[in-house]
Amino acid sequence: MDTTRIADGLHQHTAGFAAAVENADPDQNVPTCPEWPLRVLTGHIGQAHRWAASIVRDGPSPVPDPFDADPGSPEKWSDWLREGAQDLEDAVTAAGDAPVWTFFGPQPARFWLRRMLHDTTIHHADAALTAGRGWLIARNPDGVRWTRETGTADVTLAGPVRDLLLVLTRRLPAERVTVTGDEALAAHWLAHTAA
């Protein structure tokens with residue numbers, strides 16, 4: 001994936017996360033992160049984006065504690081989250097193809113965009129579950145799109161959000177969720193989607 005597409009995904013899931021936590025109780029526990037209230041989950045996302053940006057700019061630094069993150073007041077969360085994602089994109093763009101520190105040795109700076117996209121996507125699911133919001137995933141010729149809406153689907157996978165995410169990332173078999181509709185399409189999707 002090129003840097004622009006990864007950055008677009010990061011912004012899309014950051015915005016989705018922000019929308020999921022909008023007007024939610026900041027002290028509500030996150031079922032999939034039982035030790036964390038929603039405020040800590042929100043702080044973790046913005047903190048992680050800024051931490052990754054600092055690594056790209058300045059090199060390694062200790063992994064921050066999510067409980068130390070301060071996302072500010074809930075009405076400012078959306079802007080704060082978007083600023084963190086933009087900061088990371090700006091740092092990666094400035095670094096270009098220069099190798100930077102990663103957990104796995106030197107990699108191109110876009111490693112951190114991809115890593116934070118994965119983290120943000122997972123926590124977008126956590127936020128949606130906490131706020132009780134649903135997702136529709138559409139595969140089109142121009143790629144995969146996730147939206148928070150309902151609609152008619154050729155195949156539906158239903159189950160707890162954590163199981164759905166683990167099935168879609170092929171960490172659990174499809175039998176762990178309920179599949180209705182075109183089962184062959186679900187099998188094809190899972191067989192041909194990169195982890």
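Reader: Is threonine 130 buried or exposed?
Author: Threonine 130 belongs to helix H4, which covers residues 110–131 (helices, H or I, of at least four residues and strands, E, of at least two are DSSP runs numbered from the N terminus). A residue is called buried under 20% relative accessible area, exposed over 50% and partly exposed in between, with a 1.4 Å probe and protein chains only. The relative accessibility of threonine 130 is 7%, and therefore this residue counts as buried.

Reader: What kind of model is this, and how are its residues numbered?
Author: Residues are numbered from 1 along each chain as its sequence is written, and side-chain values use heavy atoms, with hydrogens and water left out. Local features need pLDDT of at least 70 and side-chain atom pairs count only at pLDDT 80 or more, while totals for chains, interfaces and linings use all residues, since this is a predicted model.

Reader: Which residues does threonine 130 contact, leaving aside its neighbours within four places in sequence?
Author: Contact here means heavy atoms within 4.5 Å. With the neighbours within four places in sequence set aside, threonine 130 is in contact with Gln28, Asn29, Val30, Pro31 and Leu38.

Reader: How many helices and strands does the protein chain have, and in what order do they run?
Author: The protein chain holds 6 helices and 8 strands. Read from the N terminus on, the order of its elements is α-β-β-α-α-β-β-α-β-β-β-α-β-α.

Reader: What is the radius of gyration of the protein chain?
Author: The C-alpha atoms fill a box of roughly 50 × 40 × 25 Å along the principal axes. The radius of gyration is taken over C-alpha atoms, and the globule rule is 2.2 Å times the number of residues to the power 0.38. For 195 residues that rule gives 16 Å, and the protein chain is as compact as a globular protein of that length because its radius of gyration is close to this, at 17 Å.

Reader: What share of the residues of the protein chain counts as buried?
Author: Among contacts with a separation of 6 or more, 60% join residues 24 or more positions apart. As for burial, the share of the 195 residues of the protein chain that count as buried is 38%.

Reader: How far apart do the centres of the positive and negative side chains lie?
Author: Lys and Arg count as positive and Asp and Glu as negative, while His and the chain ends are not counted, and the place of a charge is taken as NZ of Lys, CZ of Arg, CG of Asp or CD of Glu. The protein chain has 17 positive and 26 negative side chains, and the distance between the centres of the two sets is 3 Å.

Reader: Is valine 92 buried or exposed, and which residues does valine 92 touch?
Author: Valine 92 sits in helix H3 (residues 77–95), and its relative accessibility is 3%, so this residue counts as buried. Not counting residues up to four places away in sequence, valine 92 touches Thr3, Val56, Ala109, Arg110 and Leu113.

Reader: What is the phi of asparagine 23?
Author: Asparagine 23 lies in the loop between helix H1 (3–21) and strand S1 (29–30). This residue is exposed, because its relative accessible area is 77%. Asparagine 23 is a residue other than glycine with a positive phi, a value near 65°.

Reader: What is the relative accessible area of arginine 170?
Author: Arginine 170 is found in the loop between helix H5 (161–168) and strand S8 (178–181), and has a positive phi of about 60° although it is not a glycine. Arginine 170 is partly exposed, because its relative accessible area is 36%.

Reader: How far apart in space are alanine 191 and threonine 32, C-alpha to C-alpha?
Author: Alanine 191 lies in helix H6 (residues 183–192) and counts as exposed, because its relative accessibility is 58%. Alanine 191 and threonine 32 are 159 residues apart in sequence, and their C-alpha to C-alpha distance in space is 26 Å.
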